[in-house]
Amino acid sequence: MLATALAVSLVTLAAAWRLPGSNQGYEPVQPIAFSHKLHAGEMQLSCLYCHAGAETSRYAGIPALNVCMNCHAKVTTSFAAQQQAQPMESPELRKLYDALALDAALMPVAGRSPKPIAWQKVHRVPDFVYFDHRAHITAAVQCRQCHGSIETMDRVRQVQSLAMGWCINCHRDVNRTGVAGKPVHASLDCVTCHY
Amino acid sequence: MSENPKRYWMSPVSDVERDSRDGATVPIANGDPDFVTTRRSFLKAAGFTFAGAVAASCSRAPATSAIPYAQQPEGVVPGRPLLYASTCGACEARCGLLVTTRDGRPIKIEGNPDHPLSGGATCAVGQASLLGLYDSLRLKGPLRRGQQSTWPDVDMEIAATLERLRQEGGAVRLLSPTITSPTTAALIADFLGGFKNAQHITYDPISASAVLEAHALTHGRRLLPQFRFDQADVIVSFDADFLGTWISPVQFTRGYTSRRRIDGGARQAQGAPTMSYHVQIESRLSLTGSNADRRLRVAPGELGHLATHLAVRVAERAGIPFAADGLAASSMEPAIEAIADRLWTARARGLVISSSQDVSVQLLCNFMNRTIGAYGTTLDVERPSYQRLGDDRDLAGLRAELSRGEVAALFVAGVNPVYDLPDATALAGDLRRVPLLVSTAERPDETASLATFVCPAHHYLESWDDTEAVSGVVSLTQPVIAPLGDTRALIESLSAWTTGTAQPALDLIRGHWERAIHPRSAGTSDPAGVAEPFQTFWDRTLERGVADIAPRDERPASAPSSRAPAVRPFDQSAVLAILRPDAPPSGSFALVLYPNIGMLDGRHGHNAWLHELPDPVTKVTWDNYASFSPTAARQLGVEDGDVVRIGADGAQPIELPAFVQPGQHDATVAIALGYGRAGTDRFASVGPPWFEARRQTGLVGVNAAALVTTTEAGRRYSGRTVTVATVGRTRQLASTQIHHSLAVQTTFAPSISQEPRPIVQEVTLGELSGTSATGGAAATSAAPPESGLREESLWPADHPYPEHRWGMAVDLNACTGCSACVIACQAENNIPVVGQDEVRRKREMHWIRIDRYYSGTDAEPEVVHQPMLCQHCGHAPCETVCPVLATTHSDEGLNQQVYNRCVGTRYCANNCPYKVRRFNWFDYPHEDRLQNLVFNPNVTVRSRGVMEKCTFCVQRIEEVKIEARRLGQPVADGAVKTACQQVCPAEAIVFGDLRDPNSRVATLARSRRAFRVLEDLGTDPGVHYLKIVRHDPAAADERRRG
């Protein structure tokens, strides 16, 4: 009995081998089915257009809804729908407009105030890790180095493990090879990330 | 370091006694019979733990959401701090602030470097006032007879009563502390102007009214001069604790230390190093007295007598007649003679001050200052201070009216008279009879609990406000967070009661500034005298936080010409000699009541950071106590913690623990005010929740306000005759004075524990200038003197420091011990409060502490304050003993502590010769969700079982480095400021890169005064101390006698 239980659990463990707490492969459903494949892939929007904080702040940041409205005040339908005789508003975009308390004509609804959208965080490091986007963008590290080929994903998935060994390996490698042809100093001190 | 034979000691209690009374022997659990581990319960627990661990390893990290703004405000980038210029509201000194906010909440207070008075520094109380914002006991809305109410209801009822009083003419009184805000003062005048019989009474909980009274007599105007310690070469202070608590300590400390700086600055370039000379004449050992060059220990009743002796001698030198016939002789005369010499030599660069509430003592100070010509240099009466305006005569008048039941409406705005004033029971009874009593207290305090209506004001970080602390220096307070409760600024409430509608505070302030402040700015911003538009002036002031404008015109409207002087010529007729000391009868004691550096007058009684801040001199936390000199304690037969009863004629006796304080006068007992606030029993549950944090329940400390003397001229804090009796109980104090001692414990090594270790070092001015004359080159270029031991170091030189080596220089001669750095570090680095019992067990968590050493006799000790923090050793003893490599050396010279790797063996703390490592014995409670908003999001909140210590504010280093790299610039010297450095009013701490030979810290590290603590151990510390400088004994004061 005990042996069976042990065998079963070993098989389960081997099948889903991850370090404890690792979120590699995590692909949560988001409140709006926003497609990075469409925006970053087909439309070729720069990552930094929406995630502008990556240049100036520790956090890349999730864009505020008014950033979406820079385009979606005009673009209210999908491409496919635009080809039809009666273009209809995309149901996913309606969620955006609802959050901003806008009606069908995109006018503010009286008595309602905009409410932010609670996106599901995909890439997350523990509280005792202080990752800084600025340092990496300054050193010309590509976003896809850590986030994978986001431009191919409809729904964002965590590609890398984000474990410390993975970070350290990259830091070691770039100290030898440089980033984009330029020599860099990627610190291996503990306090670079832990304080 | 055998050439430094001076012996330092930390406590009057001997080492042997200390070991036997070691705080670590406090039991943790009192033998709970239910808490017995059997084999069965152990296996149950172990099995559960294993199952839990397996389950946890299969799980993912918890799902979290990321919520962006719906509409992102301009200029806000999540994760980037925003700094707002503001003004501190923690006391009436009103220092300039830059409040750091992250994602909409203030997380740290820093000083505003542009502020002309505080110049970028703050004090411990200002730093800790941030915690008060997130206090869950603050009122959430207005109260009507103790019940929750709403603003419209409260306003309606108050307005109805006031309307009746307007017509009937009942007495309306408004009681407030010193109002530094011009807008508030104007609105109070407007509000009270509507009544036939109305008066604004101002009192300061810690009164300085005698200074103002004395100037009314000698200068014809009731004013508080602005004391310019930055101009003073000789300072004679009669009991004024100006570096600790008196009037404006940050401003005074900055000025004072600016004339005591030896390295750098213009003064050194002119030749031999000099520094100011400071005489403190006092009864208890105050923080200021601990920094004095000469300290005279006198009974409170002798102050006036000695001031007369000094005045006679100063007048004699100036050739001014001063009648003092029959002046009794004093044993201090030789010392007074020498002080008079010093003062007369310094003339206008001298300054005589006193915190005495005896007007005749203040008059003597005015006379001496006038005789040496100090008015105009070290005392500014053209731009006086508005930091204390209280009038004790008005207060006495109000109390008389209250006792006769004549007051129809009393508004109590920002003071707590039932707590502050003596004879509180009678006052409370009188207040109950007032038909309309309105309080604006933030918390349900002693007075508010009697009020008909409580109209809670904002915390100052939630509020618009303005300040004119010193004539011509106006500053703005701006809200940095939306009010956490349904509270309302005082000026909004006043406008509601005056006009019927509450106008926004911003409109009221802007309106007043446009009318009254802006016209005074003409010519100050532009030399041509062209007035800038109001909006420009306002925007500039708001951004900078402060503006310099023309001083307030205080001439009476009836002044004959606009060029009349602000004060009338000095009138000496009121200055009278005090011919003999006022000695208490033998067998009794003279009482000295004083504000403590953290509690001040008690307004911060709900602040746990300040309760756990060790007093700079006694090092006691979480309590007040009656301190006695060692001689007096021996005579009484009391030791630290023995409870004594202090009785006085006409006052309820109070009981509190005794504390033996070297340096105190033998016939005095000193007690801190500000303790025993209602509601502080809440702190019984600070600390680990499963056992009592304080074995003594009840309030924190005892309120000593009952012993304040009320005289016709004002409230007095010292000189009252009291009796002292032991009551046979003890109440153990939580004193940190012998915690984390660098001395070798007697029990470990009886032979070497007697050897002095080179921990603090001193040098005299003569030694400094003598050597610089003969070997000037050595003074600047040579490496610090090295002991032979370091040559034979066993440590390999394996730390190359390719880019930076961060280091610090601490000038012991500048450090006053004010402890602002301790609280700044606590706020920056999320340091928990552990509670009184845990402090007794030596488990306080402060990363930086101030070690206070005595030398000399315990009757008249010399004092040294030494900030002690992780020394970031080049060869750190902690690093070699960590079995899991949780503490290692970084490439930049930091001794890094990795919390997530630490398993809590505590080997490192045992091996640290500086005793700076702190262990998290518990998960210090984080249940108060509101309180947790104070945490700095850039620093990990540590959990149970890990070691922590000073990181040199590595989060700030990383931020500056990354930002410099982003902008493509090198890290500038001085760009990284640690929290302790930023706050320091004495500018005693300098942080920077030791590898850069031109950095300030490297220059200081090469100074002739530089030494490193216990350097002979070969630890290669990254913290350099600069020796304390003493005036030469050869040039000492008795020289002239003979």
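Two residues are in contact if their C-beta atoms, placed from the backbone, lie within 7 Å. Helices (H or I, at least four residues) and strands (E, at least two) are DSSP runs, numbered from the N terminus. The structure is a predicted model, in which local features need pLDDT of at least 70 and side-chain atom pairs count only at pLDDT 80 or more, while totals for chains, interfaces and linings use all residues. Residues are numbered from 1 along each chain as its sequence is written, and chains are lettered from A and ligands numbered from 1 in the order in which they are written.

The predictor assigns the complex an ipTM of 0.87 and a pTM of 0.90. Among the elements of chain B, the highest mean pLDDT, 95, belongs to helix H22 (residues 820-828), and the lowest, 36, to helix H21 (residues 776-780). The pLDDT also remains under 50 throughout residues 771-790 of chain B, a stretch with 15 contacts beyond four places in sequence. Where pLDDT is low, the predicted coordinates should not be read in detail.

Chain B is divided into domain 1 (143-207 + 390-521), domain 2 (209-260 + 275-385) and domain 3 (589-735), the bounds being taken from an automatic or database domain assignment. A distance of 35 Å separates the C-alpha centres of domain 1 and domain 2 of chain B. Contacts between these two domains involve 8 residues of domain 1 and 6 residues of domain 2 of chain B.

Chain B contains an open sheet of 7 strands with mixed pairing, in the order E7-E6-E18-E17-E16-E8-E9; two strands pair if DSSP finds at least two bridges between them. Strands E7 (147-148) and E9 (198-202) of chain B each have a single partner strand, so one side of each edge strand lacks a neighbour in the sheet. Strand E8 (residues 171-176) runs parallel to strand E16 (residues 407-412) of chain B, and 5 bridges join them. B:Val172 has B:Ala409 in E16(B) as its bridge partner.

Two helices of chain B lie across strands of this sheet. Helix H12 (residues 392-403) of chain B lies across E8, E9 and E16, at about 125° to E9(B). For these angles, axes are lines fitted to C-alpha atoms, for helices over the stretch in contact, and angles run from 0 to 180 degrees between N-to-C directions.

Definitions and conventions
pLDDT is the predictor's confidence in each residue, from 0 to 100.
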